Amino acid sequence: MTRHLRRTAGTAGTATLTALALLLGPAPSWADDDPPAPPGSTTTSPPPQVDSNSPGLKLGDGATLAPAKVLDIKSVVEDLGGEERREDTNTDVKFALQAEVLFPKDSAKLNPDASARIKAIAEEAEAQKATDVRVFGFTDNLGSYGHGKKLSRERAEAVHDELSSHLGPEVTYSVRGYSEDYPIADNGSEEGRKKNRRVEVSFPRGATEADVRPGR
């Protein structure tokens, strides 16, 4: 929860702003233990603007460019209804399933169609030879934070139970519920809240054929 204070012009406005900030104190925050945030949920500052004609960008006499390196590239695929979303990076695979396709409203009991979706994710985890799987639940901002925390955790546990029935005993799991924290859409509309009510399943990407091919 973040409080926004509108700055008013003049010295009196500045004093009022300072007094209000002192009275309100720091905004409350909630975090889960280890890790405090789901992987991939942290944001970074936008890149600085660069003038391509700046003289400072020219190489000095005798200077050479550094070797090229491969940047982390994210691929995002979402089905037409937005019910399922897949993100691929160089290191991880993440699936996000909207709660509506897995559970009845305000429930943590899987519906009949959920098993097929979760089995498909388990098959991908097997293909990636994943031994560390993260299952995180999220809600929208309606209702109390505590209720969302409980519901998101129970939904993550339900998905974990179904996943573990398809994967071997060598797989370990991290299962957490984050309530309304880390939204991926605007909670100001039902369309956005629908996207935020989700369960995410993620795991490290396995070695590809190119990764294991002997060097030439």
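The largest pocket has a volume of about 310 Å³. Its lining is made up of 16 residues, and K105, D106, D140, L151 and R197 lie closest to the pocket centre. By type, the lining holds six charged residues, five polar and five nonpolar. The model is predicted.

The chain contains six strands and five helices. Their order along the sequence is α-β-β-β-α-β-α-β-α-β-α. Contacts between residues at least 6 apart in sequence were also examined. Of these contacts, 67% link residues at least 24 apart.

The chain has 216 residues, and 31% of them count as buried. Its accessible surface comes to about 14,400 Å². Carbon and sulfur atoms account for 54% of that surface.

The largest nonpolar core has 25 residues. Within this core, L102, V133, V135, V159, L163, V201 and F203 touch the most other members. Helix 2 gives the most, with five residues.

Leaving out residues up to four places away in sequence, L102 touches L97, K109, L110, N111, A114, I118, V159 and V199.

Key: Residues numbered from 1 in each chain as written. Predicted model: local features only at pLDDT ≥ 70, side-chain atom pairs only at ≥ 80, totals over all residues. Heavy atoms only, no water. Core = buried A, V, L, I, M, F, W, Y, C linked by side-chain atoms within 4.5 Å. Buried < 20%, exposed > 50% of the residue type's maximum accessible area, 1.4 Å probe, protein only. Helix = DSSP H or I, 4+ residues; strand = E, 2+ residues; numbered from the N terminus. Contact = heavy atoms within 4.5 Å. Areas by Shrake-Rupley, 256 points an atom, 1.4 Å probe, with all protein chains shown as cover. 1 Å grid on protein atoms, 1.4 Å probe; cavity = no way out; pocket = protein on both sides within 12 Å on 5 of 7 lines; lining within 4 Å. Points joined across faces, edges and corners; volume = space filled by probe spheres on them. Nonpolar A, V, L, I, M, F, W, Y, C, P; charged D, E, K, R; others polar.
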